[in-house]
Amino acid sequence: MKAAAFDYVRPRNVAAAVDLLAADKGQAQLLAGGQSLLPLLNLRLASPARLIDISRLPELAMTDEDDATVTLGAGVTHAMIEDRRVPDPSQGLMPHVALGLAYRAVRNRGTLGGSLALADPAAEWPAVLAALEAEIGVVGPNGRRRLSGTNFATGIYATRLAEDEIVTALRIPKLSRAARWGYAKLARKAGAFADALAVAVADPRRGYGRVVLGAANGPPLVMTEAGRALAGTRRDPEQLRRAVETDLDSAADRRFDAYQRRLHRAAAMRAIVQVIQ
Ligand SMILES: Cc1cc2nc3c(=O)[nH]c(=O)nc-3n(C[C@H](O)[C@H](O)[C@H](O)COP(=O)(O)OP(=O)(O)OC[C@H]3O[C@@H](n4cnc5c(N)ncnc54)[C@H](O)[C@@H]3O)c2cc1C
């Protein structure tokens with residue numbers, strides 16, 4: 001199938017893109033890497049009257065760094081992270097994740113902002129950025145605001161982003177050199193979307209521990225008990241295993257069947273073991 005006819009505009013800057021988006025009141029859609037949107041158009045699952053192409057806006061490709069944080073523009077691609085062409089706040093976690101995300105052709109064009117805005121439940125970045133406690137900068141007709149990356153996604157393909165807002169950048173706290181991370185993606189084949197994915201991070205300098213599940217029948221699932229156990233100084237594998245079970249019990253609203261629960265348990269424990277080994 002082919003996409004239905006649409007108008008195409010390429011604004012000069014983010015402010016112009018915001019104006020166009022606000023003027024079109026739900027009739028327009030932003031085009032970033034196009035790796036999710038173009039298939040949706042071709043399948044006619046989306047048929048906006050106008051595409052607003054933000055893929056070449058320099059403001060969205062910016063990066064910045066200070067002692068404590070790295071800021072990555074929403075237009076930073078998966079491949080830029082994989083190739084370490086942008087600063088890495090995560091002691092190697094983000095480049096490692098990017099390498100296993102889809103295929104190189106998709107990674108060359110797909111962007112951080114597009115992935116977050118789409119909020120595919122099986123996508124990597126929403127879970128990873130929740131594990132790193134990133135902040136998401138957005139701009140709309142009423143100005144700029146910052147949202148927590150932990151609960152930015154509110155459901156399957158649903159976020160806190162208003163219809164007329166654009167994701168501009170992600171502000172990510174730097175992990176210290178003493179930090180450790182673990183990552184497990186369970187998928188049927190290399191490059192496919194995850195059936196389960198888990199990110200575990202412990203940073204002893206900040207007393208920080210977090211375990212997040214992706215592909216969890218909804219937005220990223222923060223495993224509070226496992227994160228607390230991982231932040232402690234005595235990290236007993238048996239205690240961590242029990243914490244994971246408690247967190248899975250508490251996630252009854254996700255309605256995991258027995259097979260999914262096994263996958264999530266395995267992913268969480270694989271990620272945790274990488275941290276405590
Ligand atoms: C074969 C294939 C395999 C894939 N496998 C994976 C995978 O394993 N894991 C994974 O995470 N992803 C995967 N993807 C998706 C890929 O990562 C996409 O690049 C990503 O989901 C969307 O990013 P994009 O820049 O291409 O966004 P687009 O497709 O351009 O846009 C997606 C949506 O986000 C909106 N949007 C884009 N940018 C912004 C912004 N800055 N502010 C507000 N809204 C915005 C658009 O309007 C649209 O609704 C796969 C894609 C393909 C085609």
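Me: In which sense do S2 and strand S3 (residues 50-53) pair, and over how many bridges?

Reply: A word on the source comes before the answer: this is a predicted model, in which local features need pLDDT of at least 70, side-chain atom pairs count only at pLDDT 80 or more, and totals for chains, interfaces and linings use all residues. Residues are numbered from 1 along each chain as its sequence is written. Strands (E, at least two residues) and helices (H or I, at least four) are DSSP runs numbered from the N terminus, and two strands pair if DSSP finds at least two bridges between them. In S3, Ile 52 is the bridge partner of Leu 30, and S2 and S3 pair in the parallel sense over 4 bridges.

Me: What is the order of the strands in the open sheet of 3 strands with parallel pairing?

Reply: S3 pairs with S1 in the parallel sense over 3 bridges, Arg 50 of S3 being the bridge partner of Asp 7, while Ala 28 also stands opposite Arg 50 in S3. The open sheet of 3 strands has the order S1-S3-S2.

Me: Which are its edge strands?

Reply: An edge strand of this sheet pairs on one side only, and this holds for strand S1 (7-9) and S2.

Me: How many residues make up the hairpin that joins S6 to S7?

Reply: Strand S6 (residues 135-140) and strand S7 (residues 143-148) pair in the antiparallel sense over 6 bridges, and Ile 136 stands opposite Leu 147 in S7. S6 also pairs with S10, in the antiparallel sense over 5 bridges, with Val 138 opposite Val 167 in S10. The hairpin from S6 to S7 runs through 2 residues.

Me: What is the order of the strands in the open sheet of 4 strands?

Reply: Strand S12 (residues 196-203) and strand S13 (residues 208-214) pair in the antiparallel sense over 7 bridges, and Gly 209 in S13 is the bridge partner of Ala 202. The edge strands, each pairing on one side only, are strand S11 (180-186) and strand S14 (221-222). With antiparallel pairing, the order is S11-S12-S13-S14.

Me: At what angle do helix H9 (residues 237-250) and helix H10 (residues 258-276) pack?

Reply: Two packed helices are described by the angle between their axes and the distance between the axes. By class, the contact of H9 with H10 has 8 nonpolar, 1 polar and 3 charged residues, where Ala, Val, Leu, Ile, Met, Phe, Trp, Tyr, Cys and Pro count as nonpolar, Asp, Glu, Lys and Arg as charged, and the others, Gly among them, as polar. The axes of H9 and H10 are 10 Å apart, and the angle is about 145 degrees.

Me: Which helix gives the largest share of the side of domain 2 that touches domain 3?

Reply: The chain is divided into domain 1 (7-53), domain 2 (61-173) and domain 3 (180-276), with bounds from an automatic or database domain assignment. Counting residues as in contact if their C-beta atoms, placed from the backbone, lie within 7 Å, 22 residues of domain 2 are in contact with 20 residues of domain 3. Helix H4 (93-99), helix H7 (124-131) and strand S8 (153-155) each supply at least two residues of that side of domain 2. The largest share, 6 residues, comes from H7.

How values were computed
Axes are lines fitted to C-alpha atoms, for helices over the stretch in contact, and angles run from 0 to 180 degrees between N-to-C directions. Two residues are in contact if their C-beta atoms, placed from the backbone, lie within 7 Å.
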